[in-house]
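Welcome! Here is a short briefing to read alongside the structure, covering some aromatic rings and a pair of helices.

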Amino acid sequence: MDGPNNNIALTAFRNYCDTVLRTVYNIVHSYSEAEDITQEVFLKLHENPQNFESETHLKAWLLRSAINRAKNYHKSFRVKMVSPIDETNENYFAQDFTPEENELLEKVRRLPAKYSLVMYLYYYEGYSIKEIADMIGKNKNTVNSQLQRGREKLKMEIEEEKVYESKRLHSFNE
């Protein structure tokens, strides 16, 4: 991107804040922590402005930084000491999707992290396998495998839920 760097963080924040926040929330499952991590990413860009080749490169850098910080959050002592509380802003993300889509997104979030992240970036943010591989520092084949396995796990969970519901309805009607 050309031009002075003095407003790059502000421009990036205006254009990509929601995308970064949703991606981080998908990893940490805490709205307040996702806000903090998102703020740290944009603050880092403000304090150390960089030249980016394109908007795509900027967005990839933001997401890569956010994903790394979210992963570090999961490794931190703080996450092990804090118990989750009912979050007042949790419905912030639900506004973007239908109830069915929100239900499916919640199932995606419950998958193991390596599957959940690639599925979220692929299906909800619209990134290609190559872009995801670049963002998370993995081989394209690895990302493709994680996407396939994530789909399989999600399909199994949905089928198990249908069986459970069917049994529950059957016993209710007897």
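Predicted model: local features only at pLDDT ≥ 70, side-chain atom pairs only at ≥ 80, totals over all residues.

Tyr-120 and Tyr-124 sit four residues apart in helix H6 (residues 113–124), so about one helical turn separates them.

**Tyrosine rings**

- Tyr-120 and Tyr-124 form a stacked aromatic pair, with 5.6 Å from centre to centre and 10 degrees between the planes.
- Tyr-120 counts as buried because its relative accessibility is 1%, under the 20% cut-off.
- Tyr-124 has 21% relative accessibility, so this residue counts as partly exposed.
- The rings of Tyr-122 and Tyr-123 make an edge-to-face pair, because their planes lie at 85 degrees; their centres are 4.8 Å apart.
- Tyr-122 is partly exposed at 28% relative accessibility, and Tyr-123 is also partly exposed, at 45%.
- The count of aromatic pairs comes to four.

**Helices H1 and H2**

- Helix H1 (residues 8–28) and helix H2 (residues 31–47) have axes that come within 8 Å and cross at roughly 145 degrees.
- The crossing of H1 past H2 is right-handed.
- On the H1 side, the residues making the contact include Ile-8, Phe-13, Tyr-16, Val-20 and Tyr-25.
- On the H2 side, Tyr-31, Glu-33, Ile-37, Phe-42 and His-46 are among them.
- Sorted by class, this contact has 16 nonpolar, two polar and two charged residues.

Definitions and conventions
Residues numbered from 1 in each chain as written. Heavy atoms only, no water. Axes fitted to C-alpha atoms, helices over the stretch in contact; angles between N-to-C directions. Helix = DSSP H or I, 4+ residues; strand = E, 2+ residues; numbered from the N terminus. Left-handed = near helix turned anticlockwise from the far one by under 90°. Contact = heavy atoms within 4.5 Å. Nonpolar A, V, L, I, M, F, W, Y, C, P; charged D, E, K, R; others polar. Phe/Tyr/Trp six-rings, centres within 6.5 Å; stacked < 30°, edge-to-face > 60°. Buried < 20%, exposed > 50% of the residue type's maximum accessible area, 1.4 Å probe, protein only.
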